[in-house]
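Please read them with the model open beside you.

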Amino acid sequence: MTRHDRLIEVRRATTQDATQVTAVLVAAFVNGDLGPWLVPNKRDRRRMYQPYFGMLVRHALEHGWVHITSDGKAVAVSYLRGGGQVIPEIPEYDRRLSRIFGGYAEGFRALDAAIEAHHPDDVEQCYVQFLAVNPDVQRRGRGSLLLDDLHEYADRLGLPCYLESTGAGPTALYDRHGYRPRPSFRIAAGGPELFPMWRPEVDAGVRGTSVSAARVPARALSQWVEHPPAKSCSTHGRGPRQP
Ligand SMILES: CC(C)(COP(=O)(O)OP(=O)(O)OC[C@H]1O[C@@H](n2cnc3c(N)ncnc32)[C@H](O)[C@@H]1OP(=O)(O)O)[C@@H](O)C(=O)NCCC(=O)NCCS
């Protein structure tokens, strides 16, 4: 971790950040664990991921929460989901998938179907859909910083968190941040495995915060995230990697 890394902060992304958020997602996931199965040719994958993540980012900016580090190199996309909270569908999603991916769209449909089938929708949660760090600064604390920030909000509201990890590297990171594994599943027969992980809602007393553990209505989370308290969230001392 460089001196610069320690000065990074997290803020809520706006529509003006859409291009940058998309660029980080593409750069991170073009080398991700699922990429070769979804779109085998890397050049095609990069080209197709651009409109795909662009579509998902615009949707998340409207219906979810998108956070970005102050250097624009790391992003987190999350939603309030479960316990009656539903993420609105992307208009004409299926047709847009076909247009973007052509013959590869089936893989994305299988991915979506598998994720949907295993999602724990009985409990309201913070669903971390994507965590992505630009490859040139991975393993320097930005992923942890974004998770810490998100967990701070979730903990204050007594919300559990849920995500699907794609492999051993991310799983190790999530484990360090309090996530515990749920039974894994495959995207399709012979397809890659996903590793769901659950971070239980926190008893504020156990974590030693001064925040009441009393449950706060879910809609308060969006208000909280829209108007977070002014604070600095430097990576110093927060991530697993220390100088
Ligand atoms: C996974 C990701 C978000 C982590 O962000 P990051 O800023 O690199 O993570 P941090 O620096 O906060 O934490 C690093 C720790 O995470 C784990 N880790 C992350 N990526 C890893 C990898 N590729 N291989 C092994 N361990 C990894 C390790 O425990 C690592 O600690 P170490 O370097 O001391 O071994 C980032 O690497 C990324 O964008 N990867 C590509 C996209 C992706 O896979 N996203 C997650 C999908 S579930």
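1. Helices (H or I, at least four residues) and strands (E, at least two) are taken as DSSP runs and numbered from the N terminus. On that basis the secondary structure of the chain comes to 9 helices and 8 strands. Residues are numbered from 1 along each chain as its sequence is written. The model is predicted, and local features need pLDDT of at least 70, while side-chain atom pairs count only at pLDDT 80 or more and totals for chains, interfaces and linings use all residues.

2. Buried residues, meaning those with 20 or more other C-beta atoms (placed from the backbone) within 10 Å of their own, make up 35% of the 243 residues in the chain. Two residues are in contact if their C-beta atoms, placed from the backbone, lie within 7 Å. Among contacts between residues at least 6 apart in sequence, 77% join residues at least 24 apart.

3. Of the 22 residues around the ligand, Gln-138, Gly-143, Ser-144, Gly-169 and Leu-173 come nearest. Two or more shell residues are given by each of helix 1 (18-29), strand 4 (125-133), helix 6 (142-156) and helix 7 (168-176), and the largest share, 4 residues, comes from helix 7.

4. For residue classes, Ala, Val, Leu, Ile, Met, Phe, Trp, Tyr, Cys and Pro count as nonpolar, Asp, Glu, Lys and Arg as charged, and the others, Gly among them, as polar. The shell around the ligand then has 9 nonpolar, 9 polar and 4 charged residues.

5. Helix 1 and helix 3 (residues 42-63) pack at an angle of about 130 degrees with their axes 8 Å apart, where axes are lines fitted to C-alpha atoms over the stretch in contact and angles run from 0 to 180 degrees between N-to-C directions. Angles under 35 degrees count as roughly parallel, over 145 as roughly antiparallel, 65 to 115 as roughly perpendicular and the rest as oblique, and helix 1 and helix 3 are therefore oblique to each other. Their contact has 9 nonpolar, 3 polar and 2 charged residues, with Val-21, Leu-25 and Phe-29 among those from helix 1 and Tyr-49, Phe-53 and Val-57 among those from helix 3.

6. Helix 4 (residues 93-101) and helix 5 (residues 105-118) pack at an angle of about 135 degrees, with their axes 8 Å apart, and are therefore also oblique to each other. Leu-97, Ser-98 and Phe-101 in helix 4 meet Ala-105, Phe-108 and Arg-109 in helix 5, a contact of 4 nonpolar, 1 polar and 1 charged residues.

Definitions and conventions
A residue is near a molecule or strand if its C-beta atom, placed from the backbone, lies within 6 Å of it. A residue is buried if 20 or more other C-beta atoms lie within 10 Å of its own, exposed if 12 or fewer, and partly exposed in between; C-beta atoms are placed from the backbone.
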